[in-house]
Amino acid sequence: MPIPTPDEAAPMDPNQPENNVAEAIPEQTSAAAQAALLAGLAEIEADRARSAPTRRPVSPGLEDVLYTRFPVLDHGFVRVVDYMGDDAAVVQAARVSYGRGTKPLREDRGLIRYLMRHRHTTPFEMCELKLHVKLPIFVARQWIRHRMASVNEASARYSVLDREFYLPRAEDLAVQSKDNKQGRGEGLSAEAAARVLGLLRRDAMQVYDSYEQLIEGEGLARELARMDLSLNYYTQWYWKIDLHNLLHFLSLRMDSHAQLEIRVYADQIAALVEQWVPMCYEAFRDYRLGSVQLSAGALEAVRRMLRGEPTTAAEVGLSAREWRELMDVLQRPG
Ligand SMILES: Cc1cc2nc3c(=O)[nH]c(=O)nc-3n(C[C@H](O)[C@H](O)[C@H](O)COP(=O)(O)OP(=O)(O)OC[C@H]3O[C@@H](n4cnc5c(N)ncnc54)[C@H](O)[C@@H]3O)c2cc1C
């Protein structure tokens with residue numbers, strides 16, 4: 001697939017939210033952060049205007065959005081900086097073939113689905129994605145737990161962080177869930193949400209004022225001053241991961257049990273993966289996202305139900321919770 005020359009390359013559409021400079025700058029962004037953002041967007045445009053012929057496999061879907069900044073949360077974003085491989089690279093590795101092969105696409109799709117279904121994972125490791133991500137520190141703490149990736153984070157020892165902090169949307173504010181210790185329950189009333197947002201904004205502004213005072217007023221080293229900032233301040237990193245581990249990350253972080261603030265990043269990355277390797281993503285959607293794992297006892301219960309035999313949790317060795325979860329999956333009354 002030839003790469004388009006700069007003349008052929010699609011110009012950036014200013015009506016796309018990620019390309020509209022005015023819309024791309026959230027209200028509370030400081031002047032310094034705004035200037036950095038504008039410079040960054042100009043660099044992205046310059047990168048997108050450049051292209052070179054290559055003999056390497058190219059994913060047309062991902063080429064379309066390469067370098068583009070996709071906004072996530074109030075100040076965050078995800079953008080693809082580089083990638084290696086495509087659907088055909090997975091097939092090629094699985095067959096250990098010399099070339100890109102001549103088999104019909106239908107057979108490639110069937111092979112990819114077979115590999116995904118049977119957890120034959122190494123062919124998926126042949127593809128790599130490199131992302132530039134801007135994310136709140138508390139999200140980064142969850143994200144960094146995914147060890148099978150390479151990370152390089154912006155240094156807050158080397159440079160001063162911007163006055164950029166995450167404030168949830170009022171509709172995402174909720175009380176502590178009563179039945180899920182790691183989750184949210186009922187949404188807050190409009191009045192309570194306004195109070196909470198007021199506190200969060202006040203505190204974030206205050207710690208940044210102190211941060212500036214420590215650096216500029218006291219001459220404190222940046223590596224020490226940064227400890228005063230709160231977890232909702234934004235950081236940035238480059239993150240490179242192979243497709244197998246990326247799909248593992250997505251399966252965990254797109255799940256409803258994951259915190260909303262990391263889930264929105266995972267959802268955005270999933271949309272990019274779908275454009276990059278559509279066949280792999282389709283298989284992932286069918287065999288991972290849209291599937292459940294049944295224990296031996298749960299499978300026995302399903303078999304008995306299909307035979308029309310009434311059964312109980314105790315008969316198949318399931319706990320009350322396992323039984324409830326199985327009935328939820330089967331959409332049957334507990
Ligand atoms: C909803 C949710 C809630 C969570 N809650 C908590 C929590 O309360 N506390 C907490 O600490 N963490 C929590 N985590 C983090 C979780 O335990 C994992 O650390 C995280 O999801 C990364 O998964 P991973 O280790 O499979 O990924 P990776 O680190 O990317 O590893 C991928 C795979 O490589 C293998 N691997 C990598 N490193 C090693 C190793 N050193 N030894 C053996 N095998 C290895 C494993 O097979 C692993 O699955 C939570 C995660 C989720 C999604």
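Asn232 touches Pro136, Phe138, Phe165, Tyr166 and Ala204, leaving out residues up to four places away in sequence; two residues are in contact here if their C-beta atoms, placed from the backbone, lie within 7 Å. Asn232 sits in the loop between helix H8 (222-225) and strand S7 (234-242). Helices (H or I, at least four residues) and strands (E, at least two) are DSSP runs, numbered from the N terminus. Is Asn232 buried or exposed? Asn232 counts as buried because it has 21 C-beta neighbours inside 10 Å. The cut-offs go like this: a residue is buried if 20 or more other C-beta atoms lie within 10 Å of its own, exposed if 12 or fewer, and partly exposed in between, with C-beta atoms placed from the backbone.

Residues are numbered from 1 along each chain as its sequence is written. The predictor's confidence in each residue is its pLDDT, from 0 to 100. The chain has a mean pLDDT of 90, and 91% of its residues reach 70 or more. Over residues 1-15, though, the pLDDT is below 50, and this stretch has 25 contacts in the model beyond near neighbours in sequence. Residues 17-22 also have pLDDT below 50, with 14 contacts in the model beyond near neighbours in sequence. Where pLDDT is low, the predicted coordinates should not be read in detail.

Now for the overall layout. The chain has 13 helices and seven strands, and its C-alpha atoms fill a box of roughly 75 × 55 × 35 Å, taken along the principal axes. Of the 334 residues in the chain, 23% are buried. Among contacts with a separation of 6 or more, 66% join residues 24 or more positions apart. The domain assignment gives domain 1 (17-166 + 232-289), domain 2 (172-229) and domain 3 (296-330); such bounds come from an automatic or database domain assignment. Between the C-alpha centres of domain 1 and domain 3 there are 39 Å.

What about the inside of the chain? The largest nonpolar core has 52 residues, and those with the most contacts inside it are Ile112, Leu246, Tyr265, Ile269, Val273, Val277 and Cys280. Helix H10 (residues 260-276) gives the most to this core, with eight residues. At least three residues of the core come from each of domain 1 and domain 2. A nonpolar core, in this sense, is a set of buried Ala, Val, Leu, Ile, Met, Phe, Trp, Tyr and Cys residues joined through C-beta atoms within 7 Å. Leu246 is in contact with Leu129, Ile241 and Val273, leaving aside its neighbours within four places in sequence. There is also a second, separate core of five residues, including Ala298, Ala301, Val316 and Leu326. In soluble globular proteins, nonpolar side chains tend to be buried together.

Helix H11 (residues 278-289) has Met279, Cys280, Tyr281, Ala283 and Phe284 as its buried residues. The elements covering them include H4, H5, helix H9 (243-253) and H10.

Next comes the ligand. Around it are Arg145, His146, Arg147, Met148, Asn245, His248, Leu252, His257 and Ala258; a residue is near a molecule if its C-beta atom, placed from the backbone, lies within 6 Å of it. By class, this shell has three nonpolar, four polar and two charged residues. Here Ala, Val, Leu, Ile, Met, Phe, Trp, Tyr, Cys and Pro count as nonpolar, Asp, Glu, Lys and Arg as charged, and the others, Gly among them, as polar.

Two loop residues have backbone angles worth a look. Tyr67, in the loop between helix H3 (60-65) and strand S1 (70-72), has a positive phi of about 75° although it is not a glycine. Tyr67 is partly exposed, because 17 other C-beta atoms lie within 10 Å. Val96 has a positive phi near 45°, and it too is a residue other than glycine. Val96 is in the loop between helix H4 (87-95) and helix H5 (105-117), and it is exposed, with 7 other C-beta atoms within 10 Å.

Key
Predicted model: local features only at pLDDT ≥ 70, side-chain atom pairs only at ≥ 80, totals over all residues.
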